[in-house]
Amino acid sequence: MAFNHLSEYAQLMKYDYQEREVAQQPDREFVYGTGKISAYASVLLGCLSLISVFAYLYPSYLTTTDMRAVYDGEQLQIILKYGMWSALFFGVVAFVSNGSKKLALIGLSTTILAFALGGYTIEVSPVEPKNLAIGVDWLALSLLGHVVFFTSLEKIFPKYRDQVILRKEWKLDLVYFAINHLLITTFILLGNYAIHRLQWAMSLPLQEYIQSLPFFVQFIIAVLIADFVFYWQHRVFHKVKILWPFHAVHHSVETMDWLAGSRAHIVHSIIERVAVVIGLHLIGVEKAVLDAYIIFAAIQSITNHCNLGIPWGPIKYILVTPQFHHWHHSSERPALDTNFGAHTTIFDRMFGSYHFPEGHWPAHYGTTKRLPRTFFSQLAHPFNADGYDLKPRQVKKEKLVKISFYIHNAKKEGKTAAQISGALTLMGWPADAIDQAFEFASKNKPAA
Ligand SMILES: [Zn+2]
Ligand SMILES: [Zn+2]
């Protein structure tokens, strides 16, 4: 990998996009006929059945007022019934087929407990609305929907076919997914509070004008306003030093899929949502438009993180698609602090933060300095005095040998450290890997 001529070095000044390497992980794969799929299906359905039963038993505390307005508790009992019997069926299949006895037992015991507590026959009782209920109903419905829909989508149209569902840190992201859903009433309450406090800033003539517009036009306005607000709060979280550690949690994901997008620090989640809600209320779009926007925004934000190789055609130049948002998550230098938009690419083009190399996807995801890897350590991360001096990720020794060989050759040719590190960056190596390689190179001089 040594340069022999300066022209080769000059050629490297064009960023050398690398293909992402996704290793096969047979031990993490779902293989038909092994009982593993049944075991996981049983645990998922068993746990969801059990928490749903609790939601039926204590609806005042465990269900969401806004959600109850949308679904019919009695009809959902039919889904619960099928869910519980399926959990039992899959549990038994997993148990006898030697899939995983432990998981099968968890699936079976949660389902049996759900049956014992009354199961799908619990009478739908009247609800005494509580302001701060926990959104268990929302979590159960949403998780089931996401697993079925997005996992299928990623399996049918994967960007990386070898990427497994049970990839590294999926449990961590599931915790984030659960927390985001359970706290839904907190988000709604804070949003309402903020709107209430900002009544003075609302202009009635503007709102009346907006509401006189056709639904579709209002929808476009809502998307653009939300995107503008989202863009700037996002950019501020990247650029302001004390805010970055909050947002860095979202960037700590190193494998992208539908679940990865859930990872976010609660403080940033709240600020981001409240900011967008305020923006939409100030312009005063109709309730129906707001509802349509929320659905659109939720689907798009999940999709953007997916391991999805769908060709989007010209849409990808206007709307944010997985390839565009994956670049936002890249730790490669040309992509750092780019692609802040959530819905459209318009504001990134307008404000000079657009990075969308045709035909290329990132080779590396994550932050340039690695964050701690557990939920609570990530929660505490922004509050740690020394939050910036993080432990760098460990680069594999064979890679260090490769880069340091390159460093020695470049030094022999009289290149300065800055030139070498610039070239390595352009070759796609993340900053912390380059630092480690320099250190490695200085300790391991090649034999003359
Ligand atoms: Zn970001
Ligand atoms: Zn993201």
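Reader: How many residues does H2 have, and how far does H2 reach?

Author: H2 has 22 residues. From first C-alpha to last, H2 reaches 32 Å, close to the 32 Å expected at 1.5 Å a residue. Keep in mind that this is a predicted model.

Reader: Noted. Is H2 mostly covered or exposed?

Author: Mostly covered. Of its 22 residues, 18 are buried.

Reader: How close do the axes of H2 and H7 come?

Author: Within 9 Å. H2 spans residues 36-57 and H7 spans residues 136-156. Their axes cross at roughly 155°. That makes H2 roughly antiparallel to H7, because angles over 145 degrees count that way.

Reader: Is that crossing left-handed or right-handed?

Author: The crossing of H2 and H7 is left-handed.

Reader: Which residues make the contact?

Author: H2 brings Leu44, Leu48, Ile51, Ser52, Phe54 and Ala55. H7 brings Val136, Asp137, Ala140, Leu143, Leu144 and Val147.

Reader: And by class, what does the contact of H2 with H7 have?

Author: There are 10 nonpolar residues, 1 polar and 1 charged.

Reader: New pair. At what angle do H5 and H6 pack?

Author: About 150°, with the axes 8 Å apart. H6 covers residues 101-116, and H5 covers residues 73-96. At that angle, H5 is roughly antiparallel to H6. The crossing of H5 and H6 is left-handed.

Reader: Which residues of H5 and H6 make that contact?

Author: On H5, they are Met84, Ala87, Leu88, Phe90, Gly91, Ala94 and Phe95. On H6, they are Lys101, Leu103, Ala104, Gly107, Leu108, Thr111, Ala114 and Phe115. By class, the contact has 11 nonpolar, 3 polar and 1 charged residues.

Reader: I clicked on Val93. Where does Val93 lie?

Author: Val93 lies in helix H5.

Reader: Why is Val93 called partly exposed?

Author: Val93 has 17 other C-beta atoms within 10 Å, so Val93 is partly exposed. Buried would take 20 or more, and exposed 12 or fewer.

Reader: Which residues does Val93 touch?

Author: Gly35 and Ser38, leaving aside residues up to four places away in sequence.

Reader: How far apart are Val93 and Tyr56?

Author: They are 37 residues apart in sequence. In space they are 28 Å apart, C-alpha to C-alpha.

Reader: Over to H11 and H14. How far apart are their axes?

Author: 9 Å apart, and the helices pack at an angle of about 55°. H11 is residues 215-239 and H14 is residues 287-305. H11 and H14 are therefore oblique to each other. The crossing of H11 and H14 is right-handed.

Reader: Which residues meet there?

Author: Phe215, Gln218, Phe219, Ala222, Val223 and Ala226 in H11. They meet Ala288, Val289, Ala292, Tyr293 and Ala297 in H14. That contact has 10 nonpolar residues, 1 polar and no charged ones.

Reader: Now the loops. What is phi of Glu169?

Author: Near 70°, a positive value in a residue other than glycine. Glu169 sits in the loop between H7 and helix H8 (170-182). With 17 other C-beta atoms within 10 Å, Glu169 is partly exposed.

Reader: Where does Asp337 lie?

Author: In the loop between helix H15 (322-328) and helix H16 (346-350).

Reader: Why does Asp337 count as exposed?

Author: Because Asp337 has 12 C-beta neighbours inside 10 Å, and 12 or fewer counts as exposed.

Key: Residues numbered from 1 in each chain as written. Chains lettered and ligands numbered in written order. Predicted model: local features only at pLDDT ≥ 70, side-chain atom pairs only at ≥ 80, totals over all residues. Axes fitted to C-alpha atoms, helices over the stretch in contact; angles between N-to-C directions. Helix = DSSP H or I, 4+ residues; strand = E, 2+ residues; numbered from the N terminus. Parallel < 35°, antiparallel > 145°, perpendicular 65-115°, else oblique. Left-handed = near helix turned anticlockwise from the far one by under 90°. Contact = placed C-beta atoms within 7 Å. Nonpolar A, V, L, I, M, F, W, Y, C, P; charged D, E, K, R; others polar. Expected span 1.5 Å × (residues − 1).
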